[in-house]
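Work through the exercises below with the model open. Each task is followed by its solution in steps.

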Amino acid sequence: QDDLFLFGIPFPGVYVTDEEGLVVAKFFHDTYKKRDSAETLIDAALGRIELDSSAPKEEVGDEDIKITVAVQGGRGSVRQGVIRKLVTRFELGENLHIYGEPVPQGMVATKVTVSGPPGLTTLPPELPETKTLFLDAMNVQLQVWSGTVDIVVPFYATAELASECRPLNEKTVDIEVEVSYQACTENECLLPRRETLTLTLDMDVVDVPRLSVHQGHGQREGSFDSMPAMRRLLWRKIREHPLGLPRFLWSNLKLHWAARKRLKNEI
């Protein structure tokens, strides 16, 4: 209801095609403030994830099981509405595998949980295709991954964390990644493991049109005068939803006051 005033603004959408013009991926979202990064589109075209060597990452493990947690997109920065990908990469030794859902009682399926401050929103995880493993001794069929395995958790910042209408709350943000898994061979299983890794990501401003509501907040301001178009939008929206503008302004004022209060306390 708070976003009713913005109803009707076009949402972003992208088709990715191969050299023959066939669609290999598509990206559509339910709000104009949610967009995919360029790296996501490039990875879709390539059919694989190319991790940025300059992006923040943490590693744990040994030569048998190595786990790398990294952020794909924008050199690991966090911007309002731009979707980044938290990639958890397992590099498993020969004959080792990890499990997808479902698993029998007593075994642990692989799970990646991402958490952060209010306003950091995660999307459902993207899982690679599993292979079926049948264990004769247990008469059970399992879904497994082996070799190099990428589990991706997309995330983005809402206006609560970063907004184009006020200065950034923080210069950096910490996100915590909890990884649970159990590695096995066809003959024996290692003990279940749980690793917790923390990434510190830079906050980044966004590109904004030259509107008074956007100016003076440290964003990247454009030179094109958007006020005529904004006046037409406001007039149309006020006629359609008379209470929409007050509700929208009130919700944004509360976020603005909270950000100012945090900044004052830090000073």
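**Exercise 1: a buried glutamine**

Task: place Gln72 in the fold of this predicted model, and determine which backbone atoms its side chain reaches.

Solution.
1. Gln72 belongs to strand 5, which spans residues 65-72.
2. Its relative accessibility is 2%; buried means under 20%, so Gln72 counts as buried.
3. A polar atom of the Gln72 side chain lies 2.7 Å from the backbone oxygen of Glu50.
4. The Gln72 side chain also reaches the backbone nitrogen of Asp52, at 3.4 Å.
5. Beyond neighbours within four places in sequence, the contacts of Gln72 include Ile49, Leu51, Arg84 and Lys85.

**Exercise 2: the salt bridge of Lys85**

Task: find which residue forms a salt bridge with Lys85, and state which parts of the chain the pair ties together.

Solution.
1. The whole structure holds 11 salt bridges.
2. In one of them Lys85 pairs with Glu126, with the closest N and O atoms 3.3 Å apart.
3. Lys85 is in strand 6 (residues 82-92) and Glu126 in the loop between strand 9 (120-122) and strand 10 (131-135), so the pair ties together parts 41 residues apart in sequence.
4. Lys85 counts as buried at 13% relative accessibility, whereas Glu126, at 36%, counts as partly exposed.

**Exercise 3: a salt-bridge network**

Task: locate the partners Arg220 and Asp204, then identify the network that contains them.

Solution.
1. The side chains of Arg220 and Asp204 form a salt bridge at 3.4 Å, N to O.
2. Arg220 lies in strand 17 (residues 220-225) and Asp204 in the loop between strand 15 and strand 16 (207-210), 16 residues apart.
3. Salt bridges with shared partners join Arg79, Asp204, Asp207 and Arg220 into one network.

Note on methods. Residues numbered from 1 in each chain as written. Predicted model: local features only at pLDDT ≥ 70, side-chain atom pairs only at ≥ 80, totals over all residues. Heavy atoms only, no water. Helix = DSSP H or I, 4+ residues; strand = E, 2+ residues; numbered from the N terminus. Buried < 20%, exposed > 50% of the residue type's maximum accessible area, 1.4 Å probe, protein only. Polar contact = N/O pair within 3.5 Å; in protein donor to acceptor, adjacent residues only side chain to side chain. Contact = heavy atoms within 4.5 Å. Salt bridge = Lys/Arg side-chain N within 4 Å of Asp/Glu carboxyl O.
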